[in-house]
Amino acid sequence: MELERSMQHDVVISFAMELMSSDLSTYMHYKSGRCKRHARRWMAQIALGIESLHEMGIMHRDIKAENILVDSRENVRIADFGLAHMENKSLHRWGEYASEFSGTLQCMAPEMLRNKGVPPHRMKRYGMAVDWWALGCLLFELESWGQGLFASEEEVHGYISWTRRRCRLTQIYPKFEGLAPDVVSLLEGLLRISPSLRYSIQDLERHEYFRRRKGYVIDRRVMTDH
């Protein structure tokens, strides 16, 4: 969100920013129908926001419904950078920048989750693909009327195990059954176990999920409200 102004009085500093209507988690609870209708547009806006952060050298590491704010025009903004990792240059798709165990378990990518309980000197580094995994978790929630994909760490590990042992590429993860084919395709791309194979903005730009009559919803050259 843009900073409108700042004010200081004695030892208190206040920041004035645009007033948001709500967060996406609240919308899902009280206005699930609207979330379903706006899902593609919101996903496009969040994806473009994630890509902009990566270009600025910022890995958010906690993309989830509670950290997505909805403004008065029902556009969304990424918020809460308390767990973000920052570099002094743009993030590279193949780069590994951090090793801290940080974020929300239900939205945490496998490469970050594997560092849980590991001594600092043995933690493995990860990169910006953790944000795209979290976007996949959010996509499922938007397209499933507010139902979370993973309710616990055990369910994340269960998905990882299922993915590794599935015998056919056409086999669909049980929780994806009933979703539209383009939604399933995008989920499978964003939730790939290997970070190097996981979808990023280049894959999303021409994905069928974002197709509309006159082109695609995602366009990095311009961001529209519709």
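The model is predicted, so local features need pLDDT of at least 70 and side-chain atom pairs count only at pLDDT 80 or more, while totals for chains, interfaces and linings use all residues. Residues are numbered from 1 along each chain as its sequence is written, and side-chain values use heavy atoms, with hydrogens and water left out.

**Salt bridges**

- The structure holds 14 salt bridges, each defined as a side-chain nitrogen of Lys or Arg within 4 Å of a carboxyl oxygen of Asp or Glu.
- D71 and R77 form a salt bridge in which the closest N and O atoms are 3.3 Å apart.
- E111 and R198 pair through their side chains at 2.8 Å, N to O; E111 belongs to helix α3 and R198 to the loop between α6 and α7, 87 residues apart. Both E111 and R198 are buried.
- R166 and E188 also form a salt bridge, at 3.8 Å from N to O. Because R166 lies in the loop between α5 and α6 and E188 in helix α6, this pair ties together parts that are 22 residues apart in sequence.
- R166 counts as partly exposed at 25% relative accessibility, and E188 counts as partly exposed at 25%.
- A network of salt bridges links K36, R40, E143 and D182.

**Helices**

- Helices (H or I, at least four residues) and strands (E, at least two) are DSSP runs, numbered from the N terminus.
- Helix α6 (residues 181-190) is mostly covered, with seven of its 10 residues buried; among them are D182, V183 and L186.
- The cover over the buried residues of α6 includes α2 (32-55), α4 (129-143) and α7 (201-205), where contact means heavy atoms within 4.5 Å.
- In helix α5, the buried residues E153, V156, Y159, I160 and W162 pack against α3 (110-113) and α4.

**Cysteines**

- The structure holds zero disulfides, a disulfide being a pair of cysteine sulfur atoms within 2.5 Å.
- C35 is in no disulfide, and the nearest cysteine sulfur, that of C107, is 15 Å away. C35 counts as buried, at 2% relative accessibility.
- C137 is likewise in no disulfide, with the sulfur of C107 the nearest cysteine sulfur at 5.0 Å. C137 is buried, with a relative accessible area of 5%.

Definitions and conventions:
Buried means under 20% relative accessible area, exposed over 50%, partly exposed in between (1.4 Å probe, protein chains only).
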